[in-house]
Amino acid sequence: MSRITDAFRDKKTFIPFITCGDPDLDTTEKLVYAMAGAGADIIELGIPFSDPTAEGPVIQEANIRALSGKERVTTDKVFDMVRRIRKKSDIPLVFMTYANVVFSYGSETFISVCKETGMDGLIVPDIPYEEKDEFAPFCRQYGIDFISLIAPTSEDRIESIARDAQGFMYCVSSLGVTGTRSEITTDVGKMIRRVKDVKDIPCAVGFGISDTETAKDMAANSDGVIVGSAIIKIIARYKKQCVPYVEEFVRNMKEAVNAR
């Protein structure tokens, strides 16, 4: 059983997202330890990219800060950070990044280094299901879960995507890019039922979840909840002093998810 699969066993799972290097890699590393201690079950790490097409302005700005700061974050620097984390923590870690980041590194090399450093999964939101064989075979070869996404527009493709899904299914709650929303109107439960009819795989909901009430609602119909932009806003506000504020937010969200 992979660490990702185990993270969903017998409980609702909370998955926070942060952008590596925002405000710097030292703070990112501290955030991982703090979020793990606050109850996060899996942590999603964004490798910064200059054109993150799935992201709204909050996470886009985090990418810009990471790439343009004194540290000028690179993929190799992120891998080095993961090596340090793995000396202290075994929390499941998933990369969220874009195809060009992986291609430019060399797809097999990138995924082999994911394995070597102790990563557990990979999300590439700009690779459609029909093109997943650019990465999925290497992920299978090196034991990295290649995590698929479905959205309200996936329609008849949901069943096909579900059959090949690994780790967990990332269920996009809303049309458009990432970001906080005042209301989520998508029938998330229906999407998840269609997945479960095909394959018994955990389903986590992301995009637009920013408060405890929404987290409770989404957890009622899913196996887990993913939150990114709300955390990035805290980081942007408090910068290097953000760790205790993010820790408190994660603790509250985990309690809300558990309430269901």
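1. A polar contact here is a pair of N or O atoms within 3.5 Å; within protein, one must be able to donate a hydrogen and the other to accept it, and residues adjacent in sequence count only if both atoms are side-chain atoms. With that in hand, look at Lys254: its side chain reaches the backbone oxygen of Lys12 at 2.8 Å. Lys254 sits in helix H12 (residues 243-258), where helices (H or I, at least four residues) and strands (E, at least two) are DSSP runs, numbered from the N terminus. Lys254 is buried, with a relative accessible area of 9%; buried means under 20%, exposed over 50% and partly exposed in between, using a 1.4 Å probe and protein chains only.

2. A word on the basis of these notes. This is a predicted model, so local features need pLDDT of at least 70 and side-chain atom pairs count only at pLDDT 80 or more, while totals for chains, interfaces and linings use all residues. Residues are numbered from 1 along each chain as its sequence is written, and side-chain values use heavy atoms, with hydrogens and water left out.

3. Next, the sheet. Nine strands make an open sheet with parallel pairing, in the order S5-S4-S3-S2-S1-S9-S8-S7-S6; two strands pair if DSSP finds at least two bridges between them. At the edges are strand S5 (145-146) and strand S6 (149-150), each pairing on one side only. Strand S8 (residues 203-206) runs parallel to strand S9 (residues 224-227) and is joined to it by two bridges, with Gly224 in S9 as the bridge partner of Ala204.

4. Seven of its seven residues are buried, so S1 is largely enclosed by the rest of the structure. In a regular strand the side chains alternate between the two faces of the sheet. In S1, Thr13, Ile15, Phe17 and Thr19 point one way, and Phe14, Pro16 and Ile18 the other. Four bridges join S1 to S9 in parallel, including the one that makes Ile226 the partner of Ile15. Three bridges link S1 to strand S2 (residues 43-46), also parallel, and Phe17 stands opposite Glu44 there.

5. Which residues line the second largest cavity? They are Phe17, Thr19, Gly46, Ile47, Pro52, Glu55, Asn63, Met96 and Tyr98. By class that gives five nonpolar, three polar and one charged residues, and the volume is about 30 Å³.

6. Now the cysteines. A disulfide is a pair of cysteine sulfur atoms within 2.5 Å, and the count comes to zero. Cys114 is buried at 0% relative accessibility, and Cys139 is buried with a relative accessible area of 0%.

7. The peptide bond from Asp22 to Pro23 is cis, with omega near 5°, and Pro23 is in the loop between S1 and helix H2 (25-37). Asp10 is not a glycine, yet has a positive phi of about 65°; Asp10 belongs to the loop between helix H1 (3-7) and S1 and is exposed at 77% relative accessibility. Arg72 has a positive phi too, near 45°. Arg72 lies in the loop between helix H3 (57-68) and helix H4 (75-86), and counts as exposed at 54% relative accessibility.

Notes:
On a 1 Å grid over the protein atoms alone, a cavity is a set of points where a 1.4 Å probe fits but cannot get out, and a pocket is an open set with protein on both sides within 12 Å along at least five of seven lines; lining residues have an atom within 4 Å of a point. Grid points are joined across faces, edges and corners, and a volume is the space filled by probe spheres set on the points. Ala, Val, Leu, Ile, Met, Phe, Trp, Tyr, Cys and Pro count as nonpolar, Asp, Glu, Lys and Arg as charged, and the others, Gly among them, as polar.
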